[in-house]
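Dear colleague,

I am passing a structure on to you, and below it you will find my notes on what turned up when I went through it. Please read them with the structure open beside you.

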Amino acid sequence: MITAFQKENRFLSNFYPAKFTYGDIEWCSVEHAYQSLKFTDEKFNEAYALTNPYDIKKFANENKSYVSSEFFDVKVKLMFDLVTEKFKQNPELKQKLLETGNQELIEGNTWNDTFWGVCNGQGQNWLGKILMLVRSELNKPI
């Protein structure tokens with residue numbers, strides 16, 4: 001079981017620098033794409049210009065009122081698509097993900113994210129579930 005995406009397991013984090021293309025746009029990390037795609041028009045451009053995942057997450061939190069309500073209906077599917085592309089387009093990361101075998105992946109955190117992860121034993125762990133699903137899909141014979 002992997003209970004945190006730190007140290008040797010940092011590559012599982014959305015903040016991990018991994019370039020990939022999604023929607024004909026090149027992204028620096030999953031966090032970069034996920035946070036930017038919450039917005040349209042000028043807010044999208046402002047978000048996209050930020051390449052540090054911590055800066056873009058802060059920007060997204062400060063501009064929540066600009067996020068469309070429809071985003072919340074598609075956020076899990078979007079995250080699945082982004083994580084899939086990260087690992088499909090980065091063979092070394094794909095290999096590392098596959099090397100986790102059948103281990104349960106838990107995005108343990110201390111910042112109270114109980115939707116994408118688990119904090120103090122509580123949480124839905126959607127990021128961990130997505131990573132395990134992506135691993136399963138990538139492990140299938142072509």
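In which helix does A49 lie? A49 belongs to helix 2, which covers residues 41-49. Because its relative accessibility is 59%, and exposed means over 50%, A49 counts as exposed. Between the C-alpha atoms of A49 and S36, which are 13 residues apart along the chain, the separation is 9.1 Å.

Please keep in mind that this is a predicted model. The chain has a mean pLDDT of 95, with 99% of its residues at 70 or more; within the chain, confidence is lowest in helix 2, where the mean is 93, and highest in strand 1, where it is 98.

Helix 4 takes up residues 71-88, and its 18 residues reach 24 Å from the first C-alpha to the last, which is close to the 26 Å expected at 1.5 Å a residue. At K77, helix 4 bends by about 35°. Its buried residues include F71, L78, M79, L82, V83 and F87, and also the charged residues K75, D81 and K86. The buried residues of helix 4 pack against strand 1 (20-22), helix 1 (30-36), helix 5 (91-98) and helix 6 (126-138).

Helix 6 is also where R135 is found. R135 is buried yet has no salt bridge, and the nearest side chain of opposite charge, that of E104, is 8.9 Å away. Leaving aside residues up to four places away in sequence, R135 touches L97, L98, T100, G101, N102, Q103 and L105.

With best regards

Technical notes. Residues numbered from 1 in each chain as written. Predicted model: local features only at pLDDT ≥ 70, side-chain atom pairs only at ≥ 80, totals over all residues. Heavy atoms only, no water. Helix = DSSP H or I, 4+ residues; strand = E, 2+ residues; numbered from the N terminus. Expected span 1.5 Å × (residues − 1). Bend = angle between axes of the 7 residues up to and from the residue. Buried < 20%, exposed > 50% of the residue type's maximum accessible area, 1.4 Å probe, protein only. Contact = heavy atoms within 4.5 Å. pLDDT = per-residue confidence, 0-100. Salt bridge = Lys/Arg side-chain N within 4 Å of Asp/Glu carboxyl O.
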